Amino acid sequence: MLDQVKQLEEEALAALEAVEHSEALSEWNRRYLSKKGTLTQMLHSVGQLSKEDRPAFGQAANKVKVALEAAYEARAEALRRSEMTRELESGAVDVTLPGRPVGPGHLHITTQTLRQIYAIFAEMGFQVYESPDVETDEMNFGLLNMPPHHPARDMWDTFWISDQVLLRTHTSPGQIRVMRERHPDPIRVILPGKCYRYEQITARSEHQFYQVEGLAVGHGIRMTDLIGTLTEFARRLYGPERRIRIRSSYFPFTEPSIEADMDCILCRGEGCRVCRHSGWLEICGAGMVHPVVLQNGGYNPEEWSGFAFGLGVERPAMLKYDIDDIRLFYGNDLRFLRQF
Ligand code: DAH
């Protein structure tokens, strides 16, 4: 019986020596040390021995058990280490390899257009003034000469935050903000920013888009100053041969109000698909700041006058690059964005 124990120990240790990976190690453990393992079975058979033989056998078997357990632990630890080393080596990162290049990004086409517009107006002495996207009803409408229930409000349906707070439908409320901040100094600013309208999204209209508002307030400012400014702007953006046409219009915050068109940059006034065969492209709404608006901004209309205009930003870019769908601007499709 004692020989058997000895033999088992030798056999188990030899088998353990041959174990190369953790599954084989578990298998070894099951075979020798688990409840159904050979050694355990052997310990259970102690009852079959004579009383005198039992202690010696028990001692020997227990010693082997302790030895095998220790050997098992040692082997398990060694395997863990070598497996970890192997894993690290196989998945090793070669830090000397060049990295994967991240392509440089570039400015969005709208940002590029805005910056062109800023640069042109900067040369004409206009500062950039930023005003909030979330506005009060009063700023967006009331102080711009559209009291509650004024029918002109129907021109701009918007997203309401609450009864009195909304997403601005145009950059014009910035006129009031800048006047209240700057009065009684003269003003020459542009007010760029995003506007929001509750509209069906189509190839021609988005519910978010950019505008650049312009405002000049001073002594003796006249309609000819406005027309001169718009003409200069169109020529600097689209070429020195551009012509401007003025039509009368209506906006509650200007008096008189106009709309300015520019001769079509594609057909040069001949008539084509882009200008719908009229030869002209609309560039902005504009006018002389309404006396009520001047007053709301803190300027006495008896002494001060001013002009204002509101330009679209996406439209000029669409014309320039022949883009036929405004939805492409904010659809985040890199195939589109990378072209500009
Ligand atoms: N706020 C107008 C709109 O969004 C555009 C506009 C028209 C702005 C005339 C002006 C202006 O400053 O004088 O439709």
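1. Let me begin with a loop. Asn 332 sits in the loop between helix 10 (314–321) and helix 11 (334–337). Its phi is positive, at about 55°, although Asn 332 is not a glycine. Please keep in mind throughout that this is a predicted model.

2. A second residue belongs with that one. Asn 145 has a phi near 75°, again a positive value in a residue other than glycine. You will find Asn 145 in the loop between helix 6 (137–140) and strand 3 (165–167).

3. Next, two peptide bonds to look at. The bond from His 183 to Pro 184 is cis, and its omega is near 10°. Pro 184 lies in the loop between helix 7 (173–182) and strand 4 (187–196). The bond from Glu 255 to Pro 256 is also cis, with omega near -5°. Pro 256, for its part, is placed in strand 7 (residues 254–263).

4. Now the ligand. How many residues surround the ligand? The shell holds 16 residues, and the closest are His 170, Ser 172, Arg 197, Gln 211 and Glu 213. By class, the shell is made up of 6 nonpolar, 8 polar and 2 charged residues. Three strands each supply at least two residues of this shell: strand 5 (208–218), strand 8 (280–289) and strand 9 (305–312).

5. An N or O atom in the side chain of Glu 213 is 2.6 Å from a ligand oxygen. For Gln 175, a polar side-chain atom lies 3.2 Å from an oxygen atom of the ligand. Phe 309 takes part through its backbone, where a polar atom is 3.4 Å from a ligand oxygen. As for the surface, the ligand taken alone exposes 350 Å², and the protein buries 93% of that.

6. The axes of helix 1 (residues 2–18) and helix 2 (residues 22–32) come within 10 Å and cross at roughly 170°. Angles over 145 degrees count as roughly antiparallel, so helix 1 is roughly antiparallel to helix 2. Leu 8, Glu 11, Ala 12, Ala 15 and Leu 16 make the contact from helix 1, with Leu 25, Trp 28, Arg 31 and Tyr 32 on the helix 2 side. This contact has 7 nonpolar, no polar and 2 charged residues.

7. Helix 2 also packs with helix 4 (residues 53–90), at an angle of about 170° and with the axes 10 Å apart. That makes helix 2 roughly antiparallel to helix 4 as well. From helix 2 come Ser 22, Leu 25, Trp 28 and Asn 29, while helix 4 brings Leu 68, Tyr 72, Arg 75, Ala 76, Leu 79 and Glu 83. The classes here are 6 nonpolar, 2 polar and 2 charged.

8. How are helix 1 and helix 4 oriented, parallel or antiparallel? Their axes are 10 Å apart, and the packing angle is about 5°. Angles under 35 degrees count as roughly parallel, and helix 1 and helix 4 are therefore roughly parallel to each other.

9. Helix 1 contributes Leu 2, Val 5, Glu 9, Ala 12, Leu 13, Leu 16 and Glu 17. Facing them in helix 4 are Ala 56, Phe 57, Ala 60, Ala 61, Val 64, Ala 67, Leu 68, Ala 71, Tyr 72 and Arg 75. By class, the contact of helix 1 with helix 4 divides into 14 nonpolar, no polar and 3 charged residues.

How values were computed: Residues numbered from 1 in each chain as written. Predicted model: local features only at pLDDT ≥ 70, side-chain atom pairs only at ≥ 80, totals over all residues. Heavy atoms only, no water. Near = heavy atom within 4 Å. Polar contact = N/O pair within 3.5 Å; in protein donor to acceptor, adjacent residues only side chain to side chain. Areas by Shrake-Rupley, 256 points an atom, 1.4 Å probe, with all protein chains shown as cover. Helix = DSSP H or I, 4+ residues; strand = E, 2+ residues; numbered from the N terminus. Nonpolar A, V, L, I, M, F, W, Y, C, P; charged D, E, K, R; others polar. Axes fitted to C-alpha atoms, helices over the stretch in contact; angles between N-to-C directions. Parallel < 35°, antiparallel > 145°, perpendicular 65-115°, else oblique. Contact = heavy atoms within 4.5 Å.
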